[in-house]
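Student: Could we take a close look at a single part of this model together? I would like the cut-offs spelled out as we go.

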Amino acid sequence: MTEPPPLSSPPLPRRVFLVRTGVLGAAGAGLAGGHDRAAAAPAPGVEELLGLVRPVLARLALDTFRGLAAFALPGDDAYSRAQGTPRGRAGGVAAEAGELVAASLDRFVPFPQEVARPLTMALVTATAEAGIELPRHLPSELGRLDAALRLLLRGDEKIPLSLVAAVLLGLLAAQVNPAAGGPFLSPFSRLSYRDKARAFELLEHTDSDLVALLDTHLPQPLRGSVSGLLKYLGSGLLSLAAFGCFTEHAVWDAARRDITALPVGWRLTGYDGRADGLDDFKGYYQGRKEAVGRA
């Protein structure tokens, strides 16, 4: 694979970029449409609109990462069936690897807002005019993803990294197969297993159009580093999802500091429970009470 060429020319016009990536015309298959509202209804305030948008965008992110969990470890869930790899046992979705990815991105990965907000602005540009609809309970002015993201940018609240990553995967999914349909909110979760692999290939070897679009919105000194950032993000998402499939995240009770059921990973690997350690390593080894001799 060759690296993207240096960015010596200005980015493509938005419509040209959208056409090339297949985002234009990408149908929000499986989603309810229509935004009929009474003309006399009072216009809701910004805070009220944000209250409606936040949970929808959070659901979009979680839906994306559940599709990623099924990609990392297929199981007997709807996401695995949709990608064409059903299995007769629990997998990454049941292990709540998607929830772990979302929580880890938002809580533990340093992602300054001076980077998050410009990238979100670029994603607004990329998703504009795409016609990707959000659920029908939102007001008509927020019925599409780009409008919801634009509203989020109007305030001072923190842009979650999970949302940035989810929208980016959705754009790549639309590029790989804009006609992919299914019951999921996330375009990435509608893809087949092979197409999901292709989306990650594009993320790690991004074409110059996407790099140029994102790069123009980044502040200095980060401008020119988008290609490396995307490769790092792609590798990190795959590693984190695979790791999440074999943790106790789904059954861990923080208050009791114990598990409430047998984790999926334990069942798949035949692990028979927590070990307290071998007898030889309890206390001081062979009765020794201090270190003697030369180091």
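Student: What covers the buried residues of α6?

Tutor: Happy to look at that with you. First, the ground rules: this is a predicted model, so local features need pLDDT of at least 70 and side-chain atom pairs count only at pLDDT 80 or more, while totals for chains, interfaces and linings use all residues. Residues are numbered from 1 along each chain as its sequence is written, and side-chain values use heavy atoms, with hydrogens and water left out.

The cover over the buried residues of α6 includes α2, α5 and α7. Helices here are DSSP runs of H or I with at least four residues, numbered from the N terminus, and contact means heavy atoms within 4.5 Å. Of the 10 residues in α6, 8 are buried, so the helix is mostly covered; buried means under 20% relative accessible area, exposed over 50%, and partly exposed in between, with a 1.4 Å probe and protein chains only. The buried ones are L145, D146, A147, A148, L149, L151, L152 and L153.

Two of those covering helices, α5 and α7, also pack on each other. Their axes come within 10 Å and cross at roughly 30°, which makes α5 roughly parallel to α7. The axes are lines fitted to C-alpha atoms, for helices over the stretch in contact, with angles from 0 to 180 degrees between N-to-C directions; under 35 degrees counts as roughly parallel. In this contact, A116, L119, T120, L123, A126 and T127 of α5 meet V164, V167, L168 and L171 of α7. These residues divide into 8 nonpolar, 2 polar and no charged, where Ala, Val, Leu, Ile, Met, Phe, Trp, Tyr, Cys and Pro count as nonpolar, Asp, Glu, Lys and Arg as charged, and the others, Gly among them, as polar.

Finally, α2 holds L52, which counts as partly exposed because its relative accessibility is 28%. Leaving aside neighbours within four places in sequence, L52 is in contact with H137, L138 and P139.

How values were computed:
Helices (H or I, at least four residues) and strands (E, at least two) are DSSP runs, numbered from the N terminus. Angles under 35 degrees count as roughly parallel, over 145 as roughly antiparallel, 65 to 115 as roughly perpendicular and the rest as oblique.
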